[in-house]
Amino acid sequence: MAGRSGTAPQAARLHRAHKSLHRARTQLRRSAVDYFRGHGSDWGAFSVLLLSVPALAWATMAQPTWCAPEALVLPVIAGGLLLRPASLLVLYAASAVALVVESVVLGPYTDGAGRVTPGTILVVAAVGLVGLLIAQFRTRVGVPWTGGGTMLFDLRERLRVQSQLPPLPKGWHREMSLRPAGGQSFSGDFVVGARTGPRRRTLEVVLTDVSGKGMDAASRALLLSGAFGGLLGSLPPHEFLPAANAYLLRQDWQEGFATSVHLVLDLDTGDYELLSAGHVPGLQLSAGSGRWEEKTAEGPLLGVYDGAEFHAVKGRLRHGDVLMLFTDGLVETAERELSEGIDRLTGTAETYVATGFRGAAWHLIEKVAKDVNDDRALLLICRD
C-alpha cells in the first residue's frame, strides 16, 4: 500500500508535467505562426521600398559605374511580393519618375555607365507589370502580403501535429514516417491515432491515402485528417469507416475518393482488428516463424457509394511480432506490381529484426521507394 500511495502522486506529477510541456510546445508553434502572420498591413514595407527609390536614383547619379539605372527593378520586385496593387502602383510611378530624373540629369553627360536607354525603361516596365499581376492574384485569393507563405506554414504544421501518434505503454513500440511526392512539404497520405476505451488501453490508428498527391491533395488531406481525428474514439470502431464514407460523400468532390485502413489494437492482450476501405493489405511478422503474413480486410473505397460495408480481419500481436501498415506508393508503381513491391519491402525489413525495428520506418522508405513520384507512408507497431 505504501508503494502504491507513493507511486500515484509521482504519476500525477508526471502527467501534469507532460501536459505542461504539450501546452508549451503548442504555444510556441502558435507564437511562431503569429509572428510570421503579422497584421496584414503593408505600410511598413511600402515606406521602406518607397524610400529606396530616391536612394537608388541618387546612387545612380553619384556612382553610375557601381549603380546602374536597372537597379530600380529591385524595389519593384519586392513590391510585387509584399504590397497590395494600389501601393505597388505608387511605387512603380515613383520608379518611373526616378528614371526620368536620371535620364534628364545624366543623359547629356554620359554615353556609358549610368545612361538610361529604352532597354532600361522596358526592363523596369516589364518587371512592374509582372509584379502587378502577382499582387492582383494575391488580392483575388484574399491573402494579405506575407500571409500566403504563413498560411502554408500553418497548414503544414497542423498536418504534422495531427499525424503524431499517442505514446504507448511499456512493451510496445510505434513509429511512423511520411514522405510526400517530389520532395514537397504536403502529402495526400496522413495518419490519425488515439488511445480509446476503458483505461485508454485500446489503440486506434487510421492510415489514409487521399486521391491525388502532394500539393494537389493537401487541402483535402487536411480537411479529412481533422474530420477523422474527431470521429476516432467518438464512435464504436466498426462504425468509423461507414461514418468516414458518409462524410466523404457529402463533400461531393470531383476526386472524392480515398483508401483507408483502421487498426483497433488491445494493448493488454495484443488482439487486434483491421478494417480496410480499398487499402493495400497490412503485413504481420511472426516472431515464432520469422515469416510475414498479409492481413487483407474487405471493403470498398471511401467516397464511392453509400451504404458500403467493411469487414474486419482479426489477429494477435505476440511478443516480438511486428505489424506494418503502409500506402500503395511504397509498394506499387507503374513499373512494379503490388506483389513484387511487397516482397521487396518484406525482404528489406528483415534486416531490422535484430534491432527491434527502431528507426526503421524512415530507412525502409529510403531503401524501398526513395525515388517514387508518389506519397509514401509507413507505420510500424511492435510488441517487445
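User: Which residue in E10 does Phe326 stand opposite?

Analyst: In this predicted model, local features need pLDDT of at least 70, side-chain atom pairs count only at pLDDT 80 or more, and totals for chains, interfaces and linings use all residues. Residues are numbered from 1 along each chain as its sequence is written, and side-chain values use heavy atoms, without hydrogens and water. Strands (E, at least two residues) and helices (H or I, at least four) are DSSP runs, numbered from the N terminus. Opposite Phe326 stands Leu378.

User: How many bridges join strand E9 to strand E10?

Analyst: Strand E9 covers residues 322-326 and strand E10 residues 376-383, and the two run antiparallel. Two strands pair if DSSP finds at least two bridges between them. Here the number of bridges is five.

User: Which strands does helix H10 touch?

Analyst: Helix H10, residues 360-368, packs on the sheet, and its direction makes about 35 degrees with that of E1. Such angles run from 0 to 180 degrees between N-to-C directions, with axes fitted to C-alpha atoms, for helices over the stretch in contact; contact means heavy atoms within 4.5 Å. The strands touched are E1, E9 and E10.

User: Which strands stand at the edges of the open sheet?

Analyst: The order of the five strands is E1-E10-E9-E6-E7, with antiparallel pairing. Each edge strand has a single partner, so one side of it is left without a neighbour in the sheet. The edge strands are E1 (172-179) and E7 (292-295).

User: Which residue in E8 stands opposite Asp271?

Analyst: Strand E5 (residues 271-277) is joined to E8 by four bridges, and the two run antiparallel. Opposite Asp271 stands Arg316.
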